Amino acid sequence: MVEFCDVFTGTVYRLGDQWLNVAYKQVATLLKPKLEKAGGLREAANEAASFWMEDYYSLIFPLRFCLQGEPFSFRKVPFPDDSGIINLESAPEEKGFRAGFLRGTLPPLLPVERKERTGELLADRLLIQAAMANLFLRQRSAHQEAIDAARLAFLTYPLLEHLEIPLPAEAEKIARFLKEKGELPYGLDPDLLLRVKRGKFPDDARVGLAQVAVQRIKRYVFETPGLNEIRGASTLLDDLTEQAKKLVSKELGPEVILRAVDSTIVFLAPGKDEAENLAERIREGFYKATGTAFAAAAWREVEVKRLFEDYQRVMEELQQAVEVDRAKGEVPITEALPFETRCRICRTRPAEGWTEKPLPGEREPSLVCQVCITKRRRGLPERRGKLQELLGWLGLDNPEPLGVSGKEPKEWVASAIGTEREGGFIPDDARPCSPRHHLRRRQQLRSRGSEDK
Ligand SMILES: [Zn+2]
């Protein structure tokens, strides 16, 4: 039996063997098709990392409410309540574990297996182990295939008994080693892998750490009053964060990303140079895509011990370095010269071209700047797109047949989000492998619903 304590609400979930078995099985079943379709070790490792980072979190949060079939509504998850402790020791086999965001009732909670109470999810633990194995092996110039096999092994070893497909042979060997010892392929150092698994690192172990953050977001997004431009700018920033994530995932693996929200990305790298190289490429991409949004960046080398024991401080120092970079950064010149025609939308930058159609209230296409036209192009289709996306998450691709016609679907969403009150507290002791992940991901999952009101 394990107890999972939700650090944000203080609720304790007591999980019995039966629960854990079925939850492991459910998670393995959902991971299986992703591994099957992966075309090689590297892709399989990336899929597994994304699964724990994105898919698994959307199965877990929100913990306490779920979608109720028809008629469409939300309800509280019917947890049996046992004097402040939610007892899931003897939960029945047919539990309706979730198969997607809000689809199904029970979140397949899998805490780190320990005897005592824990607030750490298995997902967080596996991701940080995979990230550390990844970085240390790169530092030792291990072969790429060995790195990917080790990553995949770290991301799957607790599920070995439940996965109905074999892992690629070498990854399977490493996973077996992590579970119950055995031979290691590629001449991998058993001591290193065990250190990573136990979270015990040598004093001198170091990794690279970088942050890139778009600055003056508000000014960029709200510099013009038009809804299309505002939405376009905000979507563009979301896309850029996605692109930055993709770049880091492609170069190193998704598991090294510690944070990627609000136009900010924080990631680990094997060393300072790799951190710098990636940070500069991301910064350049941000600038190229927006034509103006200015990104500040910082990178450094950190002791792994400090990263684990003093995470908050390490992140504050990194943030300060970003501020310093921001202070010395050059802001692009946006003033138009007196003889230049100014953009019809922002009325600040020089116009560089015409809108495709007349702006609202005008008869002819207008002269606009590149920044505004980029925002506008992005924003026009997006207004409909976001709502559709949201309805998709809720399984409401066509709301009418569910009997909610006559009501604005977005009102349903707003009221649903209003009932979700989790994740409001930020713990001070956030570490790279624990509740911090909950908070970020929970904020992301909750904000999915509140984006389009
Ligand atoms: Zn403009």
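**Loops and a helix pair in a predicted model**

Pro-62 lies in the loop that links helix H2 (41–60) to strand S3 (65–68). The structure described here is a predicted model. The peptide bond leading from Phe-61 into Pro-62 is cis, its omega being near 0°.

Lys-181 is not a glycine, yet its phi is positive, near 70°. Lys-181 counts as exposed because 10 other C-beta atoms lie within 10 Å, and the cut-off for exposed is 12 or fewer. Tyr-186 also belongs to the loop between H5 and H6. Tyr-186 is likewise a residue other than glycine with a positive phi, of about 55°. With 16 C-beta neighbours inside 10 Å, Tyr-186 is classed as partly exposed.

Helix H3 (residues 122–139) and helix H6 (residues 190–198) have axes that come within 9 Å and cross at roughly 150°. H3 is therefore roughly antiparallel to H6, since angles over 145 degrees fall in that class. The crossing of H3 past H6 is right-handed.

The residues that bring the two helices together can be named on each side. H3 contributes Gln-129, Met-132, Ala-133 and Phe-136, which meet Leu-192, Leu-193, Val-196 and Lys-197 of H6. Sorted by class, this contact of H3 with H6 comprises 6 nonpolar, 1 polar and 1 charged residues.

Conventions: Residues numbered from 1 in each chain as written. Predicted model: local features only at pLDDT ≥ 70, side-chain atom pairs only at ≥ 80, totals over all residues. Axes fitted to C-alpha atoms, helices over the stretch in contact; angles between N-to-C directions. Helix = DSSP H or I, 4+ residues; strand = E, 2+ residues; numbered from the N terminus. Parallel < 35°, antiparallel > 145°, perpendicular 65-115°, else oblique. Left-handed = near helix turned anticlockwise from the far one by under 90°. Contact = placed C-beta atoms within 7 Å. Nonpolar A, V, L, I, M, F, W, Y, C, P; charged D, E, K, R; others polar. Buried ≥ 20, exposed ≤ 12 C-beta atoms within 10 Å, placed from the backbone.
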